[in-house]
Amino acid sequence: MSARPGQDPADSAEQPPADDREPVGTTEPGRAEEIEQEKAREGAADDGETDDRWQEAFRRIISGGWAVALGAILLAVIAGSLMIIVTDEAVQEAAGYFFSRPGDTFAAVGEAVGGAYSALFQGAVYNFRADTFAAGIRPLTQTLNNATPLIAAGLGVAIAFRAGLLNIGGQGQMLMSATAAGWVGFGVTGLPFPLHLILALVAGILAGALWAGIAGLLKARTGAHEVIVTIMLNYVALYLLSYFLATPGLMQAPGSANPKTPPTPESAQLPPLLGERYTLHWGFVLALVAVAVVWWILNRSAVGFSYRAVGENPRAARVAGIDVSRSTVSVMLVAGALVGLAGVTQVLGTVTTGFGSDIDAGIGFDAITVALLGNSNPLGVLGAGILFGAFKAGGSAMQAAEGIPIEIVLVVQSLIVLFIAAPPLVRAIFRLPQPGSAPKKKRSKAARKEVSA
Amino acid sequence: MRLELRGITKRFGALVANDHIDLVVEPGEIHCLLGENGAGKSTLMNVLYGLYDADEGEILLDGEVQDFEGPGDAMNAGIGMVHQHFMLVPVFSVAENVMLGHETTHGPGILDLSAARETVRSTADRFGFHVDPDAVVEDLPVGVQQRVEIIKALSRDAQVLVFDEPTAVLTPQETDELMAIMRQLKDEGKAIVFITHKLREVREVADRITVVRHGKVVGEADPTAPDNELASLMVGRAVQLTVDKQAARHTDNELAVSHLQVATPNGQVVVDDVSFTVRGGEILVIAGVQGNGQTELTEALIGLHPDARGSILLDGSELRGRSVRKVLDAGVGFVPEDRSTDGLVGEFSIAENLILDRTDGAPFVRAGSLQLGLRDEFAREKVDEFDVRTTGIDLPVGRLSGGNQQKVVLAREMSRELRLLVAAQPTRGVDVGSIEFIHQRIVETRDAGIPVIVVSTELDEAVALADRIMVMYRGRVVGIVPADTPRDVLGLMMAGVAPETEGDAA
Amino acid sequence: MTAPAVDGTPAATPDAPRTVSTVSWKTPIALGVVLALYALLLLLAPREGDARFSLSTPTDFFQLPVYVIPGMATAWLCAAIGAVLVVPSVLATRRARRTPLWVTGVFAAVLLFGFLAWAAAGSARDLSVVGLLGGAVALSVPLVYGSLSGVIGERSGTINIAIESQLLAGAFTAAVAGSLTNSPWVGLVAAMLASALVSLVLAVFTITYRVNQIIVGVVLNVLVIGLTSFFYSLVLVPNTETLNSTTRFERIPIPFLERIPVIGPVLFDQTIVVYLMPVIVFGVWYGLFRTRWGLRLRAVGEHPRAADTVGIEVLRTRYRALLIAGLVGGMGGAFYTVVSINQFGREMTAGAGFIALAAMIFGKWNPVRAALAGLLFGFATNLQNVLSVVGSPVPSQFMLMLPYVVTLFAVAGLVGRSRPPAALATPYTKE
């Protein structure tokens with residue numbers, strides 16, 4: 001401790017350091033609080049300030065820590081179990097005579113929950129009932145397959161987060177990228193395999209980038225809030241694609257009345273990664289490459305440095321000669337390209353038999369939760385994407401085996417994020433220590449004093 | 001009402017912001033709480049006002065121990081506060097602000113605005129000033145806003161009034177009017193706590209003075225005590241208010257600003273037809289009460305107001321209309337007024353902050369990639385050179401003290417090849433030791449033949465640092481005068497009164 | 001400091017700060033662009049024949065004829081009037097004034113009429129004005145209640161992206177409660193409570209735990225979709241008779257008034273939930289701007305610390321505001337199941353919550369304007385339904401897109417600057 005009692009904070013070389021160093025990319029809560037308060041105190045009303053404030057607020061929630069993450073997952077799983085229990089018929093039946101034979105109820109509960117999670121695990125990781133290892137491991141490849149777009153889109157949300165932008169527009173960006181990739185896929189004929197694939201890939205990624213770029217441009221030019229803009233663009237994209245799908249000659253499969261496209265030709269498909277027997281395709285590798293690229297951008301590149309500077313403190317970035325508008329537009333382009341990659345892997349890898357306007361499969365929104373769970377850092381997003389991919393794979397298996405609707409996955413995922421976002425709540429529930437409360441106050445105080453004095 | 005604070009102690013972790021502070025304020029008395037920035041005055045008042053809980057000690061009103069859960073309790077007990085940052089809702093009218101929290105209503109919670117208007121009018125009349133109860137607060141000048149704060153406190157029948165650094169935003173004239181109001185309040189029998197670090201004001205109104213330093217009461221003083229005695233009590237050692245510098249040696253470098261105009265987005269002209277020149281080797285201090293266009297002027301110089309009109313010629317080439325990047329590249333160093341919001345990224349390390357404006361190419365960026373080794377080497381060098389007291393270059397800059405943060409900004413801005421230095425409020429909120437260091441570096445820059453512009457609202461600093469002083473009032477230049485201009489003339493200029501003879505134009 | 005100026009030359013500074021004109025050319029440009037697009041539409045897709053507008057319903061006091069007007073001619077006439085209306089806008093901007101609201105209003109109305117004439121031209125069926133307006137009122141109900149919910153919450157400083165989940169939770173609960181009790185009133189109350197529960201979760205996480213409000217909102221939407229869909233397919237579908245077929249509110253025609261042509265069937269033959277709408281809109285407006293509750297709520301949303309320093313409990317005020325917002329939002333949710341159709345369907349709100357959000361922004365956080373925006377968006381949605389009846393050439397998807405595009409223009413500042421509450425999205429901490 002460098003500050004002794006009675007010593008003026010301004011005289012000490014530095015304010016007392018935190019007892020524990022927070023991981024990279026997280027925010028010291030006290031400082032964030034202090035800034036918020038200053039802002040609130042000044043009561044400033046312009047849009048720019050509003051943004052600063054909730055970037056601060058946002059960063060506070062991503063500073064979770066592993067204990068909290070585990071606790072959050074546990075709580076969400078418990079809540080999911082409760083949903084299974086109250087809707088399970090055997091449990092309801094046994095509960096009818098709970099007081100005469102409580103054991104039956106517990107047995108039924110155990111069976112319902114155990115069955116569900118066993119199905120979840122076997123659907124997501126390894127199927128023990130399979131004869132061979134090759135067949136048994138199939139669920140894991142399915143998990144990775146599901147994780148592919150989640151990772152890509154999660155990166156798209158995360159990199160925007162780091163630049164202080166909330167990209168709620170994953171749905172629209174995916175739809176537009178799927179539209180472009182799909183159109184190049186079945187619309188362009190006569191190109192050989194790798195060329196056709198690359199063309200479709202590029203078209204899709206570009207479309208995603210441009211769609212997100214609209215939001216970036218509106219934000220940079222007019223100050224329009226990117227959250228509102230991206231939400232609105234989601235719907236615009238949805239209806240645009242619906243129109244294309246419903247119009248013969250545009251994207252509707254010839255000879256069909258359904259709003260669905262023709263299948264993606266083989267020359268534009270991402271080839272399977274582990275051979276024909278698994279659904280896993282090269283899109284997963286692309287997602288891994290994207291993780292590496294985003295890591296480099298954020299941690300090693302000049303442009304990533306300016307993104308982070310803008311995200312942390314746009315005013316200081318501007319004074320330091322960083323073009324905040326350009327940075328906003330460019331990070332949205334990158335974010336859209338990443339989300340676009342997610343759309344592309346869907347159309348060219350996972351759903352190659354033709355798609356409808358639900359091709360985004362909620363991934364655009366899941367990506368937000370993935371980015372949050374992954375602490376907006378590329379490796380975290382990779383892990384979170386695989387976890388949610390597993391939930392999805394296991395959820396389908398659970399629905400098939402136990403008749404539990406897959407929507408339970410949505411509930412569990414959203415609860416995880418809610419709990420992760422409120423570490424004090426999780427700590428209180430599990431009686432974990434609330435770290436840093438004392439130094440937090442001290443720091444915030446000392447900093448504030450110096451600003452306000 | 002008699003206010004007594006007994007042994008108030010407030011800790012933030014290991015830091016003791018208030019260390020057993022005792023204070024007694026009698027009714028009909030103006031009690032000055034004098035102390036440097038960061039001495040713990042505001043913390044003490046926030047404890048008194050129920051915003052903070054004291055760790056030890058008690059608050060007594062007329063001998064009775066009080067237990068304030070929040071500001072509401074303090075207010076009900078008769079404590080009123082005129083906050084340094086006004087606690088007014090900008091989009092509300094004066095009457096709404098005054099009634100907020102103790103609204104007069106008729107029926108089930110329906111506002112009675114006319115009663116609130118009447119309160120505003122009658123209180124204002126009592127003190128001989130006029131405030132329109134229906135005016136929206138954000139449209140009012142700061143001086144008037146402060147009066148709304150006073151009316152707000154009085155409308156709740158406050159018996160103890162706390163003025164927290166009330167003069168920082170006022171012109172000398174407005175300050176005098178405030179002093180008159182304070183005296184009138186005192187004559188009405190209110191107990192008044194006046195927090196300030198300005199000696200002149202203390203001398204003018206105080207009945208008693210308590211000096212705080214490092215969170216402790218270090219002494220009581222009489223209002224007739226000499227300046228340097230009060231100052232050394234406040235700072236803890238003899239204070240040198242002058243800056244060592246040789247006579248200016250002009251060079252050919254020159255910044256020429258002519259007819260510069262900056263308007264806010266809603267059309268208010270905040271920099272109005274400003275023209276001046278600064279030669280290489282001289283320091284031009286822009287003085288004036290805070291909020292008279294100095295901030296916007298410096299921002300315009302650096303390119304932060306793309307809509308500014310007029311001309312900014314640096315060594316003959318036009319800067320106006322260039323992006324911030326291009327202005328920096330032209331050799332302009334800029335120390336922004338508010339370093340924590342405009343100068344530094346608090347979460348970034350010292351090393352990262354030192355290259356914040358250097359990411360457009362060599363040496364720190366090659367092929368789009370940051371050169372981390374080079375960056376760290378540079379950072380270590382600068383931390384050393386500028387005496388930044390830190391445990392390491394990876395420490396987030398937000399954890400440094402104000403003075404050390406400012407050194408980081410200076411180190412960054414001075415490490416480029418400069419042709420102009422603009423430093424806005426370079427020593428605000430900075431400890432005394434750092435102030436001397438910062439002044440010294442600024443003078444060195446001047447002596448290197450570079451034109452220097454310093455914005456200061458502290459007259460002492462302006463006089464000490466300047467070769468010439470330009471005073472701004474309401475966005476305009478009142479006059480440009482030599483540094484040895486008498487203080488009373490400068491004071492008048494800060495109130496918008498032009499000097500009788502225009503100062504030397506050179 | 002020295003004494004104030006007694007002598008000496010006062011600087012030539014006028015007392016009021018100088019101002020320069022900042023009126024932008026956005027409005028005339030926007031009008032011009034819209035007009036150009038409209039003219040382009042007429043040029044590229046000319047339509048033959050007459051447009052037929054019917055104004056009456058059989059129960060009216062007197063029958064108005066079906067008006068038959070030449071489609072293209074009317075459309076072009078409207079374009080001409082629109083062009084004339086751009087002139088005052090240009091003139092106003094030249095003189096550094098804002099374009100008067102009536103100009104924009106009349107411009108929009110005229111072009112809309114022209115558009116209708118164009119779209120209905122050549123159709124054998126009559127375009128029912130009553131159907132158009134009546135449907136618009138119905139479709140706008142959840143939008144209006146939803147946007148009011150948004151206004152109350154956001155005025156107190158909490159962004160409410162979760163309007164969608166309030167509506168959905170309300171719709172679900174109203175269906176179940178209404179089915180169990182056979183009373184739409186119970187359904188309505190249950191919907192309000194369910195929506196308030198969603199609000200409460202939002203409040204706990206954003207106010208107490210200071211989690212980013214937008215993220216909580218987004219997550220809540222997913223959560224409520226998950227919960228309602230889960231219980232829908234597992235519980236409601238197998239028990240449709242007992243749990244998912246509720247009694248609806250009956251229409252209450254207001255005697256005499258309901259027989260006035262056009263406005264009678266549109267405004268005076270509705271359900272209680274619709275009749276309550278203007279009452280609640282006015283109530284929210286009055287509450288926000290004329291009562292102690294509203295003054296404090298707005299203070300907390302603009303400058304919470306100032307509110308705190310005058311003894312207002314910031315957190316409690318925000319909690320209360322969100323709960324009330326939830327109750328109001330729930331009325332919109334109930335509309336789906338106890339007014340519109342009598343059962344719940346998976347994700348049946350279909351993004352209405354986001355349109356409500358858009359209406360709130362478009363209405364500049366003012367309850368009356370937000371409600372009007374809600375009506376406008378309801379109208380746009382219904383326009384698509386009506387046009388498909390007369391066989392319009394405009395693809396329905398583009399009509400459905402309209403509210404979102406309009407909102408994009410609105411937030412981009414093309415329809416006038418709006419200013420959200422200053423402390424929006426800012427959690428409040430005392431220390």
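Two strands are taken to pair if DSSP finds at least two bridges between them, and strands themselves are DSSP runs (E, at least two residues), as helices are (H or I, at least four residues), numbered from the N terminus. The model is predicted, so to speak of local features requires pLDDT of at least 70 and side-chain atom pairs count only at pLDDT 80 or more, whereas totals for chains, interfaces and linings use all residues. Residues are numbered from 1 along each chain as its sequence is written, while chains are lettered from A and ligands numbered from 1 in the order in which they are written.

In chain B, M81(B) stands opposite V162(B) of strand β9(B). Strand β6(B), residues 79–82, and strand β9(B), residues 160–164, run parallel and are joined by 4 bridges. Both faces of β6(B) are covered, with I79(B) and M81(B) buried on one side and G80(B) and V82(B) buried on the other. Here a residue is buried if 20 or more other C-beta atoms lie within 10 Å of its own, exposed if 12 or fewer, and partly exposed in between, with C-beta atoms placed from the backbone.

Strands of a sheet pair through backbone hydrogen bonds, either parallel or antiparallel. An open sheet of 4 strands in chain B shows antiparallel pairing, in the order β14-β13-β16-β17. Its edges are formed by β14(B) (269–280) and β17(B) (317–318); each has a single partner strand, so one side of each is left without a neighbour in the sheet. Between β14(B) and β13(B), residues 251–263, the antiparallel pairing extends over 8 bridges, and A263(B) stands opposite V269(B) of β14(B). Helix α9(B), residues 294–302, packs on this sheet and touches β13(B), β14(B) and β16(B) (309–314), its direction making about 65 degrees with that of β14(B). Such angles run from 0 to 180 degrees between N-to-C directions, and axes are lines fitted to C-alpha atoms, for helices over the stretch in contact. Contact between two residues means that their C-beta atoms, placed from the backbone, lie within 7 Å.

Turning to chain A, the axes of helix α11(A) (283–300) and helix α14(A) (324–350) come within 10 Å and cross at roughly 170 degrees. That makes α11(A) roughly antiparallel to α14(A), on a scale where angles under 35 degrees count as roughly parallel, over 145 as roughly antiparallel, 65 to 115 as roughly perpendicular and the rest as oblique. G283(A), L286(A) and A290(A) of α11(A) meet L338(A), L341(A), T345(A) and G349(A) of α14(A). The residues of this contact divide into 4 nonpolar, 3 polar and no charged; Ala, Val, Leu, Ile, Met, Phe, Trp, Tyr, Cys and Pro count as nonpolar, Asp, Glu, Lys and Arg as charged, and the others, Gly among them, as polar.

Chain A also meets chain C, in a contact that takes 52 residues from each of the two chains. Among the elements giving two or more residues to the chain A side are α1 (29–42), α9 (193–222) and α10 (226–246) of chain A. The most comes from α10(A), with 10 residues. This side of chain A divides into 35 nonpolar, 9 polar and 8 charged residues.

Chain C has 16 helices and 6 strands, and 52% of its 431 residues count as buried. It is divided into domain 1 (26–124) and domain 2 (137–383), with bounds from an automatic or database domain assignment. The domain centres, taken over C-alpha atoms, are separated by 33 Å. In chain C, 8 residues of domain 1 are in contact with 6 residues of domain 2.
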